[in-house]
Amino acid sequence: MGVAALILCTARSLADAVPGGIHVVGIPGNVAWVSYEGRLVLMRAGHAFIGINIAAKPGRHQVQIHGDTSTTVDFEVQPKTYPEQRLTIANPKMVNPDPADLQRIEAEAARMEQVYLSFSEGPAPTRLDQPLNGRTSSPFGFRRVFNGEPRNPHSGLDLAAPTGTPIKAPAPGTVRLTGSFYFNGNSVFLDHGQGLISMVCHLSEIKVREGVQVQAGDLLGLVGATGRATGPHLHWSVSMNGNRVDPEIAMAVFSRAD
Ligand code: ZN
């Protein structure tokens with residue numbers, strides 16, 4: 001690799017070290033594991049891929065690299081301001097759930113978090129593909145305001161597509177969790193290995209069972225509008241080391257790191 005290419009790589013990596021982005025660090029061959037905020041991170045082809053929380057504070061962050069000896073490497077998280085998005089939801093219980101629903105929502109959040117925090121051994125995928133071809137109706141990170149009330153930022157990428165459009169696995173993986181969730185509707189969680197998890201939701205139909213292994217491009221389900229959705233679309237979340245990251249950054253980062 002020439003000097004110009006090296007500079008370009010460094011610049012692009014830095015640009016991705018933002019809240020909701022992915023920081024890529026080159027690691028020597030004798031590294032056994034890499035951790036960030038006490039969690040294992042994905043390693044592939046001489047690099048560690050660190051998912052950065054959308055709520056991360058800009059400034060100095062640290063990665064621990066463990067081999068024969070352990071070292072700490074600093075990196076800088078740059079600020080990133082995501083635009084605000086105002087949406088109107090017809091069902092007020094999807095904005096202010098009643099106490100019984102809140103109990104269900106908390107229980108569901110715990111089940112989902114367990115999947116997001118899991119780390120399975122084995123090779124990480126070499127690329128991630130968009131689960132369907134569709135217009136982006138809402139990018140990752142938008143600060144959401146539902147019926148005038150601020151809520152959590154958008155944790156995935158929304159792709160508009162008609163009800164019944166096939167949703168394909170972005171990469172090989174194991175189906176860890178399926179179900180019908182309060183906000184997300186019919187959902188599939190796919191474990192691609194080493195803490196890289198895809199979640200697709202609002203499905204009209206789920207076409208896979210928990211525990212099965214799928215290949216890239218295999219059918220996961222069909223587009224719908226279940227859960228908190230203003231119309232049929234696919235919501236795709238990508239999680240690394242327990243942090244939801246921008247799927248568009250994830251696709252770009254994985255395709256250029258070979
Ligand atoms: Zn969404």
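In what sense do S10 and S11 pair, and over how many bridges? In this predicted model, the two strands run antiparallel to each other and are joined over 2 bridges. Phe146 has Glu149, in S11, as its bridge partner. The pair belongs to an open sheet of 3 strands, arranged in the order S8-S10-S11 with mixed pairing. Its edges are formed by S8 and by strand S11 (149–150), each of which pairs on one side only.

His154 (NE2), Asp158 (OD) and His235 (ND1) coordinate the zinc ion at 2.0 to 2.1 Å, and the donor residues follow the sequence spacing H-x3-D-x76-H. Because Asp158 sits in strand S12 and His235 in strand S20, this pair ties together parts that lie 77 residues apart in sequence. Both Asp158 and His235 are buried.

Turning to open space, the largest pocket holds about 1200 Å³. Its lining is made up of 44 residues, and those nearest the centre are Asn152, Pro153, Ser155, Asn184 and Arg228. Among the elements that give two or more residues to this lining are strand S8 (84–87), strand S10 (143–146), strand S12 (157–160) and strand S20 (233–240). Helix H2 (99–116) is another such element, and H2 supplies the largest share of the lining, with 7 residues. By residue class, the lining of the largest pocket comprises 20 nonpolar, 16 polar and 8 charged residues.

Note on methods
Residues numbered from 1 in each chain as written. Predicted model: local features only at pLDDT ≥ 70, side-chain atom pairs only at ≥ 80, totals over all residues. Heavy atoms only, no water. 1 Å grid on protein atoms, 1.4 Å probe; cavity = no way out; pocket = protein on both sides within 12 Å on 5 of 7 lines; lining within 4 Å. Points joined across faces, edges and corners; volume = space filled by probe spheres on them. Helix = DSSP H or I, 4+ residues; strand = E, 2+ residues; numbered from the N terminus. Nonpolar A, V, L, I, M, F, W, Y, C, P; charged D, E, K, R; others polar. Pairing = 2+ DSSP bridges. Donors = N, O, S within 2.8 Å, 3.2 Å for Na, K, Ca; no water. Buried < 20%, exposed > 50% of the residue type's maximum accessible area, 1.4 Å probe, protein only.
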